[in-house]
Amino acid sequence: MAIAAPEQLNITEVSTWGSRSVDCFEKLEQIGEGTYGQVYMAKEIETGEIVALKKIRMDNEREGFPITAIREIKILKKLHHENVIKLKEIVTSTGPEKGEQAPADGNKYKGGIYMVFEYMDHDLTGLADRPGMRFSVPQIKCYMKQLLTGLHYCHVNQVLHRDIKGSNLLIDNEGNLKLADFGLARSFSSDHNANLTNRVITLWYRPPELLLGTTKYGPAVDMWSVGCIFAELLNGKPIFPGKDEPEQINKIFDICGTPNEDIWPGVSKIPWYNNFKPTRLVKRRLREHFRHFDRHALDLLDRMLSLDPSQRISAKDALDAEYFWTDPLPCDPKSLPTYESSHEFQTKKKRQQQRQHEENSKRQKLQHQQQHSRLPPIQQSGHGHAQMRAGAGPNPPLHGSQPQVAGVPGHHYGKSRGPSTGPGRYPPGGNPPGGYNHPSRGQGGAGGYGSGPYPPQGRAPPYGSSGMPSAGPRGPNYPHGGGPYGASGTGRGMPGNRNQQYNWQQ
Ligand SMILES: Nc1ncnc2c1ncn2[C@@H]1O[C@H](COP(=O)(O)OP(=O)(O)OP(=O)(O)O)[C@@H](O)[C@H]1O
């Protein structure tokens, strides 16, 4: 694991950073769980200010402070923008905290380190996942504009985010959207000559050049993710929900067409291009596939989802697109409705509890039926069922009809990387024909994917557009193996930590 010596941390540049104890804060509630560890909503005791505390997971105490955390701190310290999350300070704990075990004899407790952020009420995935949630077109434009403004700022400052997805877009109750989670971010030089790690960006939002193995890339990788988010907002569900890398690339090529030297000069030189031999040539059909989108939305999306990264629209140019300057205009963030706090972690947890509850009731019901069906005839007759064979009529046979109750899908909050689900999130009519059946949506979704035509875009009345589904798998657990698709992923869904997944020298 890449590590840093304490003197490399350099987090004392701001003299007070790291000098305060986490005891200055009262943890109120866990709101996230990520690669680093837990994220809490907390209150600063002295001022009453609400903040978010992100604990830096010390995966291996002996190896020191994770280099990814250093990167995130360093990058966030230099970025100051209204659409980028503000890192307020670093605080420490000197001893084991509530619920933590003191290390075994001989091992000194190394302490915990927390990043203190301004608190945001929602992340886009959690917000979109609210039952009945629908975003209006002016609202989608408002979020997209803020996302592009924040990203443009990062790119101008030569920072690649490299993990744009719904759960990393934080929104407050004043309608402000901020980019968060710079754990995979890094500085870049504009010549794009440096070799960078290929294993970045959550699968569903990962651009074709990374899937084909490039190590030389630039801001266009973030713009592909933005295109996926944009389409998802308009579409009401993820557009490229691949379960592994080959499937991911096939889904992209199916809509964006298979690349060749004419449409993407240089593509055949990308390391894994030859490993991926399309069995058939597919023409780009993005415009037909999303023909229900507003014309200006479609023009912009087409340029965001350009296969050739050099032709992909930049954040700056995207902000100038007709889409943002035609009716209905993006709304003022302050005019947006406020919602009860909703983070992906919490919405997933609620759903898991609900599922558990439903499974328990089913199980109890079946046990009850089983007991009844096994009653001796005399008793059955006493209940007026004397002529009924067990299993016939209202009490069906248990074998063959019992639902699988053991298979409650497991959720590792923030880490499962499976697409999250959300009953009732999409309005009926928000889905394409032949829509994607969400693998984990199960029975729970009212409305859900795959019902009815798309809502109109563009000049639709408020709340006329669909909501946005959950973020995709944030790094599925890919099989480890050889070859281009063998052992990849963002690392975020993989066991271990980010430092172990990447060669951070790149
Ligand atoms: N400043 C904040 N205010 C409110 N919620 C936050 C804040 N920062 C993070 N969260 C919540 O915690 C979740 C995880 O945070 P973050 O992505 O920064 O952690 P991570 O360890 O890098 O996670 P991951 O590996 O899943 O990307 C976010 O999706 C969000 O819901």
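Predicted model: local features only at pLDDT ≥ 70, side-chain atom pairs only at ≥ 80, totals over all residues.
Start by selecting residues 87-93 and 112-118: these are strands β7 and β8, joined by six bridges and running antiparallel. Strands here are DSSP runs of type E with at least two residues, helices are H or I runs of at least four, and both are numbered from the N terminus. Two strands count as paired if DSSP finds at least two bridges between them.

Residue numbers start from 1 along each chain as its sequence is written.

Arg-20 has Val-91 in β7 as its bridge partner. In general, strands of a sheet pair through backbone hydrogen bonds, either parallel or antiparallel.

**Next stop: a three-stranded sheet**

Select 122-123, 169-171 and 177-179. This open sheet has the order β9-β11-β12, with antiparallel pairing. The edges are β9 (122-123) and β12 (177-179), each pairing on one side only. Between β11 (residues 169-171) and β12 there are three bridges, and Ile-171 is the bridge partner of Leu-177 in β12.

Now bring in residues 137-156, helix α4. The helix lies across β11 and β12, at about 30° to β12; such angles run from 0 to 180 degrees between N-to-C directions, and axes are lines fitted to C-alpha atoms, for helices over the stretch in contact. From first C-alpha to last, the 20 residues of α4 reach 28 Å, close to the 28 Å expected at 1.5 Å a residue (the expected span is 1.5 Å times one less than the number of residues). Is α4 mostly covered or mostly uncovered? Mostly covered: 16 of its 20 residues are buried. Buried means 20 or more other C-beta atoms within 10 Å of a residue's own, exposed means 12 or fewer, and partly exposed is in between, with C-beta atoms placed from the backbone. Just after α4, look at Gln-158, which takes a positive phi of about 60°.

Select 220-235 for helix α6, which has 16 residues and reaches 22 Å from its first C-alpha to its last. Of those 16 residues, 16 are buried. The helix is followed by Gly-236, with a positive phi near 85°.

Which residues have the most contacts inside the largest nonpolar core? Color Leu-53, Tyr-114, Val-226, Phe-230, Leu-301 and Met-304; the core they sit in has 99 residues. α6 gives the most to this core, with eleven residues. A nonpolar core here is a set of buried Ala, Val, Leu, Ile, Met, Phe, Trp, Tyr and Cys residues joined through C-beta atoms within 7 Å. In soluble globular proteins, nonpolar side chains tend to be buried together.

Zoom in on Phe-230: setting aside neighbours within four places in sequence, Phe-230 is in contact with Met-144, Leu-301 and Met-304. Contact means C-beta atoms, placed from the backbone, within 7 Å.

Go to Asp-181, in the loop between β12 and β13 (186-187). Asp-181 has a positive phi of about 60° although it is not a glycine, and counts as buried, with 25 C-beta neighbours inside 10 Å. Ile-201 is another non-glycine with positive phi, about 75°. Find Ile-201 in the loop between β13 and α5 (208-211); it is buried too, with 27 other C-beta atoms within 10 Å.

Then jump to Pro-328, in the loop between α10 (315-319) and α11 (344-373). The peptide bond joining Asp-327 and Pro-328 is cis, with omega about -5°.

**Zoom out**

Finally, show the whole chain: 13 helices and 13 strands. Buried residues make up 43% of its 506 residues. Among contacts between residues at least 6 apart in sequence, 70% join residues at least 24 apart.

Key: Contact = placed C-beta atoms within 7 Å.
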